[in-house]
Amino acid sequence: MVIVNDEKRIVFRRKKISEVQPVKPNSPLELRCDGEGPSNIESVVYFYGHVVEKSHLRLVSRKAARVRSDNCDNISVVRCFRPYSKTKLFSISQEKITESKRDEVEVARRKDHVSHFVLRLAYCRTEELRRWFVIQETELFRARFQHANSQDIKTFMEHNNLAFTPISTEEMRSERENLLNGTYNISSGDQMEGRTFFKVPFTEALELIRTRKVFIKEGFAYVPDTELATLVTAAFRAKLSQALAVTNRALPQLEDDDRLMRLLQDFDKRYTGSDYAVKKTGSGLSISPSMIEELSQKSFPLCMRQMQDALRTNHHLRHAGRLQYGLFLKAAGLSLEDAMAFWRSHFTKIMDGDKFEKDYSYNIRYNYGKEGKRINYTPYSCIKIIMASVGPGDSHGCPFRHTDASVLKQRLTNFKVNQQGITEVMELVSKSHYQLACTKYWEVTHNADSPGINHPNQYFEESQKLLLGTQPATVRKLAPTIKVEKTVMYASQMSSTQLSSQSSTQNSTQDSTQNSTQNSTQITSSADMESMLFDDDMDGAMCESMEEK
Ligand code: SF4
């Protein structure tokens with residue numbers, strides 16, 4: 001059993017089942033910014049439930065972040081969060097809680113609260129995970145803060161000791177001109193009427209200062225109440241960062257508890273959407289080797305297109321690349337027989353058929369569950385690909401994460417992505433929003449809205465749905481034509497890793513713009529396609545993880 005007294009220490013001790021207490025609600029508010037953890041977590045099953053709940057919240061936060069980065073408009077976060085929160089009891093406003101619902105709401109809030117602390121444990125282990133988690137939770141917090149009404153905000157601020165001092169009427173009068181000139185969105189006396197300004201140390205309002213939204217004087221920033229969310233969010237971010245560092249230091253004590261370790265291990269690599277497993281009934285998508293070259297340019301995500309390019313150029317992929325690409329093609333509808341023919345056609349350009357059969361055919365059959373443990377392996381999710389380690393000579397991984405920025409930019413230019421699209425993609429990459437960058441790439445190359453990319457096969461299916469005319473409602477407009485051009489990778493466009501891969505096979509490298517006899521790029525979609533779309537299937541994701549162990 002876990003006792004989390006966050007900020008200072010975390011104590012773990014096993015608890016007998018007989019000691020397990022029913023859930024006791026202890027969260028008076030939906031919003032929380034304190035470091036105070038739950039006093040106990042009742043069971044591993046309950047613990048798991050919290051994690052699932054919070055994982056779903058993270059998806060909302062990711063979507064919110066995407067809309068926000070598109071529009072640079074905080075209102076979008078609220079817009080994203082609102083439909084999600086409608087059915088969630090924890091987000092109900094204090095004044096709307098009826099007596100009959102009080103217990104339920106309290107339990108929901110407690111569950112949400114506990115789940116946040118569970119995820120702290122899972123995401124405190126490395127600097128990268130901490131940074132990612134802080135971004136997600138801060139976005140979520142901002143959405144929830146903006147969703148809350150003024151009474152809830154007031155109670156929240158009191159509860160969390162967030163007291164910002166409003167300036168006096170005299171100071172308001174004496175600084176009136178400065179405030180009008182230096183405050184974003186307040187430039188006339190009318191707009192200033194009825195506003196409250198808070199005077200805070202400039203270190204608490206860095207984001208507002210960076211975007212030149214507030215007036216500063218003698219080390220203090222004058223923040224209008226319209227920017228309160230930014231102030232509180234900054235406080236939340238600072239507290240959370242600090243708390244994650246504290247939790248990380250206490251983590252070794254967790255190692256005593258195998259049950260928790262099993263649950264927390266690799267949690268960050270787990271994916272909560274569809275696993276895109278190939279259904280055994282076999283009524284899914286279908287593609288053939290002759291379609292792959294053209295599909296890679298029209299509908300494959302950049303990670304897979306990159307591997308098709310490397311395969312065309314080098315006639316070889318390393319083991320990790322064959323796994324990532326092979327499983328993707330399998331889920332995209334390539335049969336085992338076709339997969340054999342596809343890989344053989346490339347590899348036998350630099351080796352004889354016997355060597356291919358001896359060294360490579362086993363792995364292909366293995367991917368399809370015909371060898372070894374005979375498991376129906378699922379394709380890799382974005383999270384798994386992004387977190388993979390990629391070394392010199394490797395072609396796998398996520399280009400938005402693993403490719404040098406200048407090389408990526410050049411590649412996008414070669415793919416005829418427009419300048420504005422490149423700028424937006426690169427900006428997201430620079431902030432480590434790799435999936436958002438991929439989503440933006442999908443949107444600019446398809447001229448349509450995307451629901452958000454979480455899986456390479458989801459990318460592919462969304463693309464095919466659009467191109468085949470069965471696009472979802474989110475689509476803004478159909479791309480009249482998507483320019484398809486063959487791409488040859490030149491040395492100057494390659495990352496150092498790809499360069500070294502190329503040099504190792506240089507003798508056999510030819511410009512093999514493979515016979516792309518794409519008579520038809522139609523894929524055979526079926527009713528099953530719908531069920532393979534993103535569906536928050538946590539159980540599938542957990543099974544995937546278990547299989548891999
Ligand atoms: Fe591939 Fe996902 Fe990276 Fe896009 S975000 S390139 S789909 S791994």
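Helices (H or I, at least four residues) and strands (E, at least two) are DSSP runs, numbered from the N terminus. Counted this way, the chain in this predicted model holds 26 helices and 5 strands. Of its 549 residues, 52% are buried. Taking contacts between residues at least 6 apart in sequence, 72% link residues that are at least 24 apart.

**Helices α14 and α23**

- Two packed helices are described by the angle between their axes and the distance between the axes.
- Helix α14 covers residues 319-332 and helix α23 covers residues 456-467; their axes come within 10 Å and cross at roughly 40°.
- The crossing of α14 with α23 is right-handed.
- On the α14 side the contact involves Phe328, Ala331 and Ala332, and on the α23 side Pro456, Asn457 and Phe460.
- Sorted by class, this contact between α14 and α23 consists of 5 nonpolar residues and 1 polar residue, with no charged residues.

**Helices α4 and α10**

- Helix α4 (residues 127-147) and helix α10 (residues 228-250) have axes that come within 9 Å and cross at roughly 145°.
- Here too the crossing is described by its hand: α4 passes α10 in a right-handed crossing.
- From α4, the residues in this contact are Arg130, Phe133, Val134, Glu137, Thr138, Phe141, Arg142, Phe145 and Gln146.
- From α10, they are Leu228, Ala229, Val232, Thr233, Phe236, Arg237, Leu240, Ser241, Leu244, Ala245 and Asn248.
- By class, the contact of α4 with α10 counts 11 nonpolar, 5 polar and 4 charged residues.

- The buried residues of α12 are Met291, Ile292, Glu293, Glu294, Leu295, Ser296 and Gln297.
- The cover over these buried residues of α12 includes α13 (302-314), α14, α15 (336-347) and α23.
- Two of the elements in that cover, α14 and α23, also contact each other, with Phe328 of α14 and Pro456 of α23 among the residues involved.
- In helix α20 (residues 405-414), the buried residues include Val407, Leu408, Arg411 and Leu412.
- Viewed down the axis of α20, its buried residues fall within an arc of 135°, so they line one face of the helix.

**Residues with positive phi**

- Lysine 416 follows α20 and has a positive phi, near 65°.
- Arginine 212 is not a glycine, yet it has a positive phi of about 55°.
- Arginine 212 lies in the loop between α9 (206-210) and β4 (215-217).
- With a relative accessible area of 73%, arginine 212 is exposed, because exposed means over 50%.
- Histidine 315 is also not a glycine, and its phi is positive at about 60°.
- The loop between α13 and α14 holds histidine 315.
- Histidine 315 has a relative accessible area of 1% and is therefore buried, since buried means under 20%.

- Threonine 165 sits in the loop between α5 (150-159) and α6 (169-174).
- At a relative accessible area of 52%, threonine 165 is exposed.
- Threonine 165 is 32 residues from phenylalanine 197 in sequence, while their C-alpha atoms are 8.4 Å apart in space.
- Apart from residues up to four places away in sequence, threonine 165 touches Phe197, Phe198 and Lys199.
- Threonine 196 is in the loop between α8 (189-192) and β3 (197-201).
- The relative accessibility of threonine 196 is 30%, so threonine 196 counts as partly exposed.
- Threonine 196 and isoleucine 167 are separated by 29 residues in sequence and by 7.6 Å in space, C-alpha to C-alpha.
- With neighbours within four places in sequence left aside, threonine 196 is in contact with Pro166, Val223, Pro224 and Asp225.

Key. Residues numbered from 1 in each chain as written. Predicted model: local features only at pLDDT ≥ 70, side-chain atom pairs only at ≥ 80, totals over all residues. Heavy atoms only, no water. Axes fitted to C-alpha atoms, helices over the stretch in contact; angles between N-to-C directions. Left-handed = near helix turned anticlockwise from the far one by under 90°. Contact = heavy atoms within 4.5 Å. Nonpolar A, V, L, I, M, F, W, Y, C, P; charged D, E, K, R; others polar. Buried < 20%, exposed > 50% of the residue type's maximum accessible area, 1.4 Å probe, protein only. Arc of directions from axis to C-beta.
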